Amino acid sequence: MRTSNYLLSTLKESPAEAVLESHKLMVRAGYIRKLASGLYTWLPTGLAVLKKVEDIIRDEMAKAGCVELLMPFVQPADLWKESGRWIHYGPELCRFKDRHNVDFVLGPTHEEVITALARNEIKSYKQLPLNLYHIQTKFRDEIRPRFGVMRAREFIMKDGYSFDLTTEGLQKSYRKMYRAYSNIFTRLGLDFRAVQADTGSIGGSSSHEFQVLADAGEDVVAFASGSDYASNIELTECLEPKTPRAPATKPMCTVPTPGCHTVDEVASLLKVPANTIAKTIVVVGEKKDPEDKGPAPLIAIVLCGNQTLNEVKCEKIEGVKAPLEFATSEQINAFLGCHPGSIGPVKFPGKIIVDRTAAHMADFYCGANHDGEHLSGVNWDRDVPEYTVADVRNIEEGDPSPDGHGTIVLKRGIEVGHIFALHTKYSDAMQCTVLNEEGKPVNMEMGCYGIGVTRVVAAAVEQHHDENGIIMPETIAPFNVTIVPMNMKKSEKVRDFCEKAYKELTAAGIDVLFDDRSERPGVMFADMELIGAPRMLVVGERDLEKDQVEIRYRASGERKSVSASDAVRTIISEVKAALGELNSKAKPQEE
Ligand code: ATP
Ligand code: MG
């Protein structure tokens with residue numbers, strides 16, 4: 001590429017709304033441009049990176065025996081009604097009608113379409129196992145699109161689906177994908193971990209997320225200090241405290257707490273630590289009879305005052321409405337006659353769920369279900385006879401690891417991939433059968449496997465940048481080298497050298513950006529550093545007279561003078577070595 005015939009589109013300023021470095025830099029480096037909330041155009045430099053990510057994905061998919069196809073973005077609602085997700089998916093699903101008044105959706109994922117395809121095309125067990133994937137646009141009407149392409153509304157996903165006759169077959173397919181995904185993220189040069197995950201709205205039993213470790217990540221991953229256990233905190237089990245609950249020693253009394261609504265306010269007024277106060281959160285329960293027009297039942301969730309609610313665990317509890325819905329102030333007032341900051345379990349007129357740790361509190365404080373008052377000296381069983389104990393809080397640093405090996409350390413992560421063993425969730429719902437060896441129809445065992453291809457680019461930038469811009473790993477750099485000539489207009493020698501180097505490097509399969517703009521050197525250096533190429537070839541007349549050129553390395557900042565006649569050869573062998581090093585870390589897909 002020559003800059004004069006390219007859309008470099010670099011910017012000095014980042015957009016005001018951008019908070020993450022990756023978002024700021026992707027805009028400044030001319031990778032992406034915002035069209036509207038959560039909708040982005042990929043500019044040529046960003047697209048060059050995106051395509052390299054896709055190439056690596058396709059290569060590893062092929063090595064794992066997967067087959068590429070392409071399904072439509074627009075999907076008939078009928079399939080979603082068959083799977084049941086027309087009702088359960090919620091407002092992220094963008095629904096619309098065509099001119100004939102028929103319902104459609106913009107695909108947020110493709111389980112329905114692939115299951116419909118498989119039930120028609122796969123007839124016999126002899127066609128199994130089969131793993132089909134595509135790399136394609138998705139739309140999810142995210143409640144808060146943010147961080148650029150990290151959480152967009154329209155984005156590109158690689159989604160793949162495996163079909164097997166048996167559970168053992170599915171487990172084998174799952175392991176293959178686990179290995180393929182590990183290889184992909186390794187070759188992309190990302191510092192990542194595979195962690196156990198919740199199965200969310202897709203359903204199924206086992207599931208792993210591939211998390212790129214970064215402080216800017218939206219997810220929190222719990223690691224055990226004494227083993228390789230890692231899980232998304234959405235899922236991480238908090239064990240029951242080992243020490244028995246202390247006996248009740250105090251009588252229950254009312255204490256005035258005027259104007260106090262939060263645990264912190266009550267703690268500072270009463271001069272007691274937050275872990276002696278029980279925090280009560282009210283959520284909406286499921287109606288026993290869906291036809292019932294009356295108000296939904298409300299459920300109290302009680303936590304230790306210094307701990308936080310885990311919404312994913314909470315919505316899995318029987319009787320709690322999913323997706324989780326917090327009771328509004330109005331609902332609480334109508335139900336209890338008080339405001340949200342004054343709720344407590346004593347005489348709560350509904351179901352009470354107590355967290356495992358909170359169930360070990362004794363002589364504690366809690367809301368009195370009366371504004372301006374709390375209770376002290378409260379004890380389970382004596383003052384609250386009926387309640388259910390469950391694990392509903394988020395794990396915290398220092399808590400014992402659920403696998404029994406050491407304590408928990410928390411780190412933030414960006415979820416770039418997710419694999420699920422779906423089993424027969426969709427094949428049951430959509431009658432996706434295959435004839436087994438006895439000629440009997442059986443529901444196929446399915447797995448689904450996703451990579452946020454566009455999010456991967458943002459995650460890579462988040463992990464690889466400095467104050468001067470992006471520093472891409474060799475395998476996904478938009479250019480392996482940029483050529484920056486000094487005063488090319490005036491120097492025929494510089495121009496001839498650069499033209500020749502550009503042709504030779506390009507012919508050797510190296511991706512080159514030749515900055516032939518005749519800009520001031522400072523401008524060219526800044527731009528070429530910003531866009532993320534691993535090295536820059538700087539060519540000046542004075543150097544050339546001594547048969548010298550300079551190679552500048554983006555990651556280390558090192559500058560190296562090399563003989564002009566060796567420069568091209570040096571760059572080719574360095575690029576190949578760097579590509580080879582990252583790619584060779586991938587593990588073979590042996591059985
Ligand atoms: P998240 O928890 O981040 O919303 P998810 O669980 O909804 O992710 P999946 O349904 O598993 O995501 O989708 C597969 C992959 O697609 C994710 O691992 C992620 O990398 C990517 N992805 C999901 N939502 C978005 C989005 N709004 N923008 C960009 N990429 C996304
Ligand atoms: Mg999501």
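User: What makes β28 and strand β29 (residues 548-553) a pair, and in which sense do they run?

Analyst: Two strands pair if DSSP finds at least two bridges between them. β28 and β29 have 4 bridges, in the antiparallel sense, so they count as a pair. As for the names, strands (E, at least two residues) and helices (H or I, at least four) are DSSP runs, numbered from the N terminus.

Before we go on: this is a predicted model, where local features need pLDDT of at least 70 and side-chain atom pairs count only at pLDDT 80 or more, while totals for chains, interfaces and linings use all residues. Residues are numbered from 1 along each chain as its sequence is written, chains are lettered from A and ligands numbered from 1 in the order in which they are written, and side-chain values use heavy atoms, with hydrogens and water left out.

User: Which strand runs parallel to β28, and over how many bridges?

Analyst: That's β26 (residues 481-485), joined to β28 by 5 bridges. V484 stands opposite V538 there.

User: Why is β28 called largely enclosed?

Analyst: Buried means under 20% relative accessible area, exposed over 50%, and partly exposed in between (1.4 Å probe, protein chains only). In β28 (residues 535-539), 5 of the 5 residues are buried, so the strand is largely enclosed by the rest of the structure. Both faces are covered: R535, L537 and V539 are buried on one side, M536 and V538 on the other. In a regular strand, side chains alternate between the two faces of the sheet.

User: Why does R393 count as buried?

Analyst: R393 has 5% relative accessibility, so it counts as buried. It sits in the loop between β19 and β20 (408-423). Contact means heavy atoms within 4.5 Å. Leaving aside neighbours within four places in sequence, R393 is in contact with C238, L303, Q307, T308, N310, K313, D355, T357 and D399.

User: Which residues touch the most other members of the largest nonpolar core, and what makes it a core?

Analyst: A nonpolar core is a set of buried Ala, Val, Leu, Ile, Met, Phe, Trp, Tyr and Cys residues joined through side-chain atoms within 4.5 Å. The largest one has 67 residues, and Y31, Y181, F185 and M472 touch the most other members. Not counting residues up to four places away in sequence, M472 touches Y31, V49, V457, A460, V461, A477, P478, G532 and P534. In soluble globular proteins, nonpolar side chains tend to be buried together.

User: What makes K271 stand out, and is it buried or exposed?

Analyst: K271 has a positive phi of about 55° although it is not a glycine. Most residues other than glycine have a negative phi, and most peptide bonds are trans. K271 lies in the loop between α7 (263-270) and β14. Its relative accessible area is 72%, so K271 is exposed.

User: Why is S518 called partly exposed?

Analyst: S518 has a relative accessible area of 36%, so it falls in the partly exposed class. S518 also has a positive phi, near 55°, and is found in the loop between β27 (512-514) and α13 (521-530).

User: What about cis bonds: which kind is the peptide bond from L128 to P129, cis or trans?

Analyst: It's cis, with omega near -5°, and P129 is found in the loop between α5 (111-121) and β7 (130-139). The bond from A322 to P323 is cis too, with omega near -5°. P323 is in the loop between α8 (311-315) and α9 (329-336).

User: How do you know which residues surround ligand 1, and which of them are closest?

Analyst: A residue is near a molecule or strand if one of its heavy atoms lies within 4 Å of it. For ligand 1, 14 residues surround it, and the closest are R140, E142, R151, A152 and E415.

User: What makes R151 a polar contact of ligand 1?

Analyst: A polar contact is a pair of N or O atoms within 3.5 Å; within protein, one must be able to donate a hydrogen and the other to accept it, and residues adjacent in sequence count only if both atoms are side-chain atoms. A polar side-chain atom of R151 lies 2.7 Å from an oxygen atom of ligand 1, so the pair is within the cut-off. For the side chain of E415, the distance from an N or O atom to a ligand 1 oxygen is 2.6 Å. G452 uses a backbone N or O atom, 3.3 Å from an oxygen atom of ligand 1.
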